[in-house]
Amino acid sequence: MPVNWSISFDERISPEGLPHAATVDEYKRFHELSVKDYRDFWASVALDLDWFRIWDRVLDDSKPPFYKWFAGGELNASYLCLDRHVKTPRRNKVAIIWEGEPMEDGKPKEVRKFTYYDLYKDVNRMAYLLKNKYNIKKGDVIGLYLPMIPELPMFMLAAARLGATFCVVFSGFSSDAIAERMNDAEAKLIVTTDGAWRAGKMLDLKSIVDTALEKTKTVRSVLVIERTHNKVNMVRGRDEFLSGMMKSAPSNAYVEPEPVKSESPLYVLYTSGTTGKPKGQVHDVGGYMTLLHATMKWVFDIKDSDVYWCMADIGWVTGHSYIVFGPLMEGATEIMYEGSPVFPEQDRWCSIIERYGVSIFYTSPTAIRGWIKGGEQWVKMHDTSTVRLMNSVGEPINPEAFKWLFKLVGRERVPFGSTWWMTETGGIMISHVPGLMMIPMKPGTNGMPIPGIDADVIDEHGNPQKANERGFLVLKKPWPGMPLTIFKDPKRFEEVYYSKFPGIFYAGDYAVKDPDGYFWVLGRADEVIKVAGHRLGTYELESALIRHKAVAESAVVGVPDEIKGEVPVAFVILRQGYAPSEELKNEIKDEVRKQVGPIASLKDVFFASKLPKTRSAKIMRRVVKAVAMGNPPGDTTTLEDEASIEEIKSAYAQLSGDVRNGRG
Ligand code: WTA
């Protein structure tokens, strides 16, 4: 008997809008069935989307791990986010309320509101420009180096409309990082801005792009959006202002949304991994949009009456999925905020909640820890009682941070979860699902895998780990939203994600399951560090370090930080002729910020005479980390250490000696 998976979301919510309570066993039974028949299950979800052509096969698994979801199906992400709503009364609903950072007389100086019809018209004009003035076609890549302004989602949707692929570079990255990504992605055009506001400072993005363009090979044009109207250098024949270009796009421009194959690339987003350069994660259209639809319903319980606010930056995956494609596909009204949540004062974020009556709030542990430090009086100044559901993302949430927000904004009653996922997964994988059935919350947990997702915690031999024992987090079945590949590097895709445990996806995180089956993700098991929830590879920081003339060799590790979760510290060996000094430390720190961007701030630099390495020349990171934290090295070894306990101890003694005796 085929299972009937047609889930009526609204039926599961009680009339008062309260979440549907479920026992852990009820949820587990439902989840088990969804995973057993995961193809049928996901197909039933995908049927909610508007397809130009329905798929031939739910899952083409003929070449694992390169899966194609909804193979043969055709759709368009821009159509799903715009055209679909414009045909209904949602046409006049506010889609985006954008608030700029600067304040005047205690009020935001600029607020822009866009209905779905406004967005539809603007995106069509932008698509017209891309197509007719820049000759962007299906398969071409455009780069977007933009801050949190409404034109960023618009250009993402315009590219998607043409079947082109976009690549957003977070506006906190440097010119080197832009050049590296644009070259790898072979972008033809970069869209940027004349400036942006962040914490009261104006960022000059255009000059960063200018420097990047000295090193790019494929970028021919730069389109500059006027945000701050400060003077920027415009190169003739290459750079144009958006306002000028828009004059050539008719006000009623209409560009047919290109029907694209379900498995065609929607975007490439670069993210740091264990080794090597950042990897371009390529996401598809059909699977990705299906996962976002499901999670917007189950995890966020999104309704027409909601005001939704995801605080992330669109430069990271959270913004791609849960500011742009997820909420707009659902026809939500959402807040988009340009600047720092604590500018000009600690209460900016709760004043935004109050001003617009935010009902669904998606935030991060780093933000919450910062607010705790600021003091609860700031929150109490505002009415945040409109909030009915909250989630957190980016790093493990400590129970104190959970309880603080749960009490002050959640009034100790709203569903509040910590959604685990990553750039690679496209959308949320482990989370409470209050829109479907709500199991009891526990402060700090991620909850359970969402329906259709087969996650587990396993030991290094691939066996399920016992309850409360630390193991590796894996996804055992393909899922819609999974990456198609690493851009231009399928071999690496297989190696990084599917070789440690053949046939299953290795996430790179440590996790435990508690005796009730709740998942608790503990942090990265590899050389990735999460600074304020942002993902940085130690490799990128180390390669920036050795480009400084004084540095011969380096090792970077993350150490715990009260607010940011983790921060990087570096150990360096100096070249002949250089001596340790405070000035040199600062110079080295500046160099890394310059090369990678302001998000790469080293907390400290230690000078060492030797770095601890295994026989296969791998840096013993556990040893380096123990020294950095002033902890003993521990008296066990693991497979990852590749070294005996004696070797570890002597390496530890050497490095901590260096740090103690003033080399450090
Ligand atoms: C971490 C962000 C614990 C994890 C969406 C993962 C989390 C990495 C959580 C991916 C959470 C994200 N609890 N850890 N709720 N959410 N992580 O690619 O280590 O920037 O592997 O994607 O963030 O980071 P990424």
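Okay, a quick word on ground rules. The model is predicted, so local features need pLDDT of at least 70 and side-chain atom pairs count only at pLDDT 80 or more, while totals for chains, interfaces and linings use all residues. Residues are numbered from 1 along each chain as its sequence is written, and side-chain values use heavy atoms, with hydrogens and water left out.

Let's start with the ligand. Which residues come nearest to it? Of the 18 around it, those are Thr423, Asp509, Arg524, Lys530 and Arg535; "around" here means having a heavy atom within 4 Å of the ligand. By class, that shell has seven nonpolar, six polar and five charged residues. Nonpolar covers Ala, Val, Leu, Ile, Met, Phe, Trp, Tyr, Cys and Pro, charged covers Asp, Glu, Lys and Arg, and the others, Gly among them, are polar.

Now some distances. A polar side-chain atom of threonine 423 sits 2.5 Å from a ligand oxygen. Serine 418 has a side-chain N or O atom 2.8 Å from a ligand nitrogen, and glycine 394 puts a backbone N or O atom 3.1 Å from a nitrogen of the ligand. How much of the ligand is buried by the protein? Taken alone, the ligand exposes 520 Å², and 97% of that is buried (Shrake-Rupley areas, 1.4 Å probe).

On to the cores. A nonpolar core is a set of buried Ala, Val, Leu, Ile, Met, Phe, Trp, Tyr and Cys residues joined through side-chain atoms within 4.5 Å. Buried means under 20% relative accessible area, exposed means over 50%, and partly exposed is in between, using a 1.4 Å probe and protein chains only. The largest core here has 123 residues, and Tyr322 and Phe325 are among those with the most contacts inside it. Tyrosine 322 touches, among others, Phe300, Tyr362 and Trp421 (heavy atoms within 4.5 Å), not counting residues up to four places away in sequence. A second, separate core of 64 residues includes Val556 and Met620.

Last, two arginines. Is arginine 227 buried or exposed? Arginine 227 is buried, because its relative accessible area is 10%. Its side chain makes a 2.7 Å polar contact with the side chain of glutamate 338. In a polar contact, two N or O atoms lie within 3.5 Å; within protein, one must be able to donate a hydrogen and the other to accept it, and residues adjacent in sequence count only if both atoms are side-chain atoms. Arginine 198, at 40%, counts as partly exposed, and it also has glutamate 338 among its contacts.
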